[in-house]
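Hello,

Here is the structure I promised to pass on. My notes on its interfaces follow below.

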Amino acid sequence: MSKNYLFQNAHIIDPITNKDEITSLLVENGAIKKIAKKISFDKNTVVINCDGIILTSGFCDMHVHLREPGFEHKETILTGLTSAANGGFTAVCCMPNTNPPIDSATVVEYVKSQAKKFPAVDLFVIATASKERKGNELSPIAELCESEVVGLSDDGNPVENADLVRRILEYASMYDLTFIQHCEDKSLSKNGVINEGFVSTTLGTYGIPEIAETTMLQRDLQILEYVGGKYHAAHLSTKKSVEIMRIAKKKKLNATCEVTPHHFTLTDEAVRSFNTNTKMNPPLRTKEDINAILKGLQDETIDVIASDHAPHSFDEKEVEFSYSPFGIVGLETTIGICVTYLIEKKILSWNELVKKLSVNPRKILSLPEIKIEVGENANFTLIDTNKNWTVDKTQFKSKSNNTPFHNLKLKGKPFGIFNNGIFIENK
Amino acid sequence: MTETSTKKLQINHLLGMENVSEEDITLMLDTGMSFREVLERPIKKVPTLNGKTIVNLFFETSTRTRIAFELAERRLSADVVNFAASGSSVSKGETFKDTVQNIEAMKIDMIVVRHSSSGVPKFLTEISNATIINAGDGAHEHPTQALLDMMTLREKFGTLKNLRVCIIGDISHSRVALSNIYGLKTMGAIVSICGPKTMIPKHIEKLGVKVFHHIEDVIPNVDALNVLRIQRERLSANLFPSNEEYNKYFGITKKRLEKSTKPITILHPGPINRDVEISSDVADSEHSLILHQVLNGVAVRMGILFLLGTKTKTN
């Protein structure tokens, strides 16, 4: 722990202190001691050659499912955090759809105690918005706030009851907690398993229409406008949703949103294989939706990229398409996909990407700001920007490997993370 | 038999009609016709698939398709095993994959599968070495039904080219509709569909079919109608208000058909709901080929089983 680390010739990018330069950085006792072109070091210093490496504020994935307690065969907090570290994240926010759900101080404490097993990654807890995640009554929001949860969500399910959405926004605003909504009107999505469109028609599968997402988003924003509070829309997937959010932002509503890497890279055409790793909720949409999402990322309508890391064991996924659970893992492919599909294709600059993966999620959830500055705690994500690699699901640190990206060739790979005095190199 | 039996199919499995070539369809229909002749004999059995083991894996209830397959298999002298399970085998604690691999361990050659989940036949090709025939998956495809429909129409009209066929009913929940559209289009037919808007799936017109919502617009311009069964459970999903209203506005009645200057041939995959989607005076009329379809169903399945069962695997 007390070792010193010298990151030599790193390309430092920090949107908060406006850094974008190649220089060296010395970490002593977990804090930034010096930033300079040339730094002398002693024999107790671990020197890390950072030629071609971007060093930036530690990435935070604000939407992951770590499955513990209750579904430890899919993922545990330990394997989930290990996966996060390998994917280049120094923080994750875990969703409360566990068993029991994270809806009380006791469960929050349990989750936090498990996270101590892997101190390099900070675990922030999102608790349920409704009691038992059933969508009927308020969860004990004040008590949860005291346990330092960072947000409220019934993710996996929407909060369907409009009055309850209103009360959650009102009550949570007293504690500056953000309500994160999974926008899905279940009377419209029904037993749908993929996007409703030409592909669902030709595959003879039940479709989830885009209006299942957009009608709830639109409704919620009306409620937000009326009562105030902080609202974040999880994993938006459609062109119309981006348009709705753009208008909300013009109105200066306190509304933010995220998209997942799979929703800006894959379309429902991928489902033609009937590969159950193309089944997620919201479903993969169309090229038109992807283009709108890319535009939304560019013009800051979309604040955050989050993986919606949803591990399922292989035997749960290796079943008939309609019986397979929704969701895919994402922690270990997010960075490679973002570099390949956003940086390389000139959709976003590095500075903009770092905002979506580090600055904005922390801001939305009121987490401590990360600065790359002398005297600050060292909390970095390091990325090998030129590394060409192929996704190999058998190498994942996650307990599950349900990914549609197996064998995908990517450019840009996590190089490592540094957080809480610990350096972890990507394997 | 002698002429066609030397030709080989391009496909190794019959998963659907999508992407099946005109040559393959023609070969399956021709072979089906030669087996029709076998069915007219006093002894309706040939030794063609002697020694082959076929499993009928039915995860969804079926009467006529299963019986037609079983008869076809037995008349080709194959050994037949019937496996029926309702719903997902997961509910019994065994996964679909484990079930299949257990059955396959008993050394079988072909699997005829029906399942409520679309894509299961394709999934089977990934987890099994047997030759797979799709007997209906979800609302996806039902290729043998399409082939027997095409065989019946071709027999009646001589060719499918430029034949005007309209499929009427709940297109969104119909595997018969999709397979017929793919197959008929490949064979050069002019295909349209007709039904309440609630029963027409999104962007179906991209498959090159014309969409109608009023039966009167269809009748003057078709040679044949393929009338789909209206399922009672669709009522609760608000796809139509009542059987009576469906019958009144979409039902195929003799009176409606009289609007056409020439007789229209009627097909129905069965089982029929009399006086819902079709009236008795049409179902039992001389222009109805419904029972002939059933006979052709056995013949064409014999043809398919023969062609796939005797094909040396290329992979």
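Chain B and chain A bury about 1800 Å² between them, and carbon and sulfur atoms account for 59% of it. Buried area here is the accessible area (1.4 Å probe) that two parts lose on being put together, summed over both. The contact (heavy atoms within 4.5 Å) takes in 27 residues of chain B and 18 residues of chain A.

This is a predicted model: local features need pLDDT of at least 70, side-chain atom pairs count only at pLDDT 80 or more, and totals for chains, interfaces and linings use all residues. Residues are numbered from 1 along each chain as its sequence is written, chains are lettered from A and ligands numbered from 1 in the order in which they are written, and side-chain values use heavy atoms, with hydrogens and water left out.

Back to chains B and A. The rule finds 1 salt bridge across their interface (a side-chain nitrogen of Lys or Arg within 4 Å of a carboxyl oxygen of Asp or Glu). A:Glu318 and B:Lys97 form a salt bridge, at 2.6 Å from N to O. On the side of chain B that touches chain A, helix 3 (96–104), helix 4 (120–127) and helix 6 (175–186) each give two or more residues. Helix 4 of chain B has the largest share, 4 residues. Helices are DSSP runs (H or I, at least four residues), and strands are too (E, at least two), numbered from the N terminus.

Now the inside of chain A. An automatic or database assignment sets the domain bounds: domain 1 is 4–55 + 374–425 and domain 2 is 58–364. Their C-alpha centres lie 26 Å apart. The area buried between the two domains of chain A is about 3400 Å², 64% of it from carbon and sulfur atoms. On the domain 1 side, A:Lys399, A:Asn402 and A:Phe405 lose the most area to domain 2, together 19% of what that side buries. A salt bridge joins A:Glu344 to A:Lys411, with the closest N and O atoms 3.7 Å apart. Strand 17 (409–419) is one of the elements on the domain 1 side of the contact, and gives the most, 7 residues.

Best wishes
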